Amino acid sequence: LVRAPAGGAPAGSWTPGGTVLITGGTGAVGLEIARALARDGAVHLVLAGRRGADVPGLAEATAGLAALGAKVTVAACDVSSREEVAALIESVERAGPPISAVVHGAGLLQNRDLVDLGAADVVDVALGKVAGAVHLADLLADRPLEAFVLASSTAGVWGSVGQAVYAAANAFLDAFAAELRGRGVPATSVAWGPWAGEGMAAGDEAREHLRRRGLPPMEPGRAVAELRRALDLGETAVTVVDVDWDRFAPAFTAHSPSGLIGDLPDTRRALARRGGPGGAEPDAAGRLAALPGAERRRFVLGLVLAELAAVLGRDDPDAIGPTADMRELGLESMTVLELRNRLERATGLPLPATLVHDSGTPEALAGAVLDARDD
């Protein structure tokens with residue numbers, strides 16, 4: 001990843017003409033994009049989704065689009081079916097005007113571990129994004145499209161826990177955009193981070209989890225504005241995400257330096273600021289060696305709680321408690337690894353990679369650290 005060039009769009013910015021087909025158009029992201037296009041002068045918006053018009057609140061949303069001056073058509077279509085996509089295109093163009101741009105936002109989110117997925121689950125998650133993009137590109141290959149937008153996700157850029165198949169499907173979209181550009185299609189894939197707002201980021205608990213990782217949800221208006229800038233600049237694949245680098249970079253690079261984000265100045269600054277072990281005292285290793293047994297155990301427990309609070313983004317280590325279930329606190333693969341590395345730096349001890357994973361509570365983890373010292 002590298003920083004996109006700063007600055008505004010060039011003169012002659014794109015104004016959508018003809019019909020804009022938006023798959024996943026009845027969902028929260030699709031409707032935000034539709035509103036932006038309507039404000040920009042879109043003539044005709046086709047909102048396609050599996051459920052068609054049977055979506056709560058859709059009538060009010062389409063009325064709002066019409067008030068902005070756009071003709072709105074809602075269509076039921078499963079984009080994983082080539083026959084349904086072909087029938088949709090035919091019916092849209094029979095009514096006119098012809099399709100001039102596509103926004104492919106259809107797809108199913110996945111929040112299950114890969115080992116718990118069967119073949120049918122993989123197909124359900126992947127087909128909407130992957131097959132849908134291929135069908136649209138093939139069936140519209142002879143049209144002089146003004147834009148072919150693929151709504152991707154940062155899950156396909158740097159991964160996301162519990163979203164293996166979803167991540168792979170989005171990575172496909174990013175690569176497919178490059179292939180389409182090679183064919184002369186003005187394709188742009190936008191890998192968005194989490195969005196704020198109704199229907200986004202799966203609720204308050206998910207949003208808080210993302211904030212702890214350093215990924216606060218973006219305001220939808222800002223996210224769509226960056227899509228528009230990418231289109232105006234003729235970008236092929238961009239990542240648009242709000243990042244708290246002081247949280248995200250140390251966790252992402254906890255196991256090893258990252259070729260993905262390592263060259264970003266944001267990462268270098270965040271890691272430079274995190275030179276020490278964060279919540280621990282700078283002389284923790286020396287104090288640990290000097291303390292007698294009972295005090296050493298209390299000291300290590302305090303160290304564990306301080307470092308645990310730091311990786312979780314909490315202000316009060318004592319509020320966690322020595323017997324708290326660390327899995328329920330929100331630790332996941334990157335934060336587990338970061339906690340182990342922070343404890344290793346703080347104590348000066350070589351700690352097993354599975355140390356945190358094998359310890360259910362802060363108290364058990366403190367005991368494991370002391371056992372590693374005795375070994």
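Reader: How many aromatic pairs does the structure hold?

Author: This is a predicted model, where local features need pLDDT of at least 70, side-chain atom pairs count only at pLDDT 80 or more, and totals for chains, interfaces and linings use all residues. Residues are numbered from 1 along each chain as its sequence is written, and side-chain values use heavy atoms, with hydrogens and water left out. Rings of Phe, Tyr and Trp (its six-membered ring) pair if their centres lie within 6.5 Å. The number of aromatic pairs is six.

Reader: Which helices hold Trp158 and Phe248?

Author: The pair links distant parts of the chain, 90 residues apart. Helices are DSSP runs (H or I, at least four residues), numbered from the N terminus. Trp158 lies in α5 (residues 155–158), and Phe248 in α9 (residues 245–252).

Reader: Is Phe248 buried or exposed?

Author: Buried means under 20% relative accessible area, exposed over 50%, partly exposed in between (1.4 Å probe, protein chains only). Phe248 has a relative accessible area of 0%. Phe248 is therefore buried.

Reader: Which residues form one aromatic cluster?

Author: Trp158 and Phe248 both belong to the cluster. Its members are Trp158, Trp245, Phe248 and Phe252.

Notes: Rings of Phe, Tyr and Trp (its six-membered ring) pair if their centres lie within 6.5 Å; planes under 30 degrees apart count as stacked, over 60 as edge-to-face and the rest as tilted. Helices (H or I, at least four residues) and strands (E, at least two) are DSSP runs, numbered from the N terminus.
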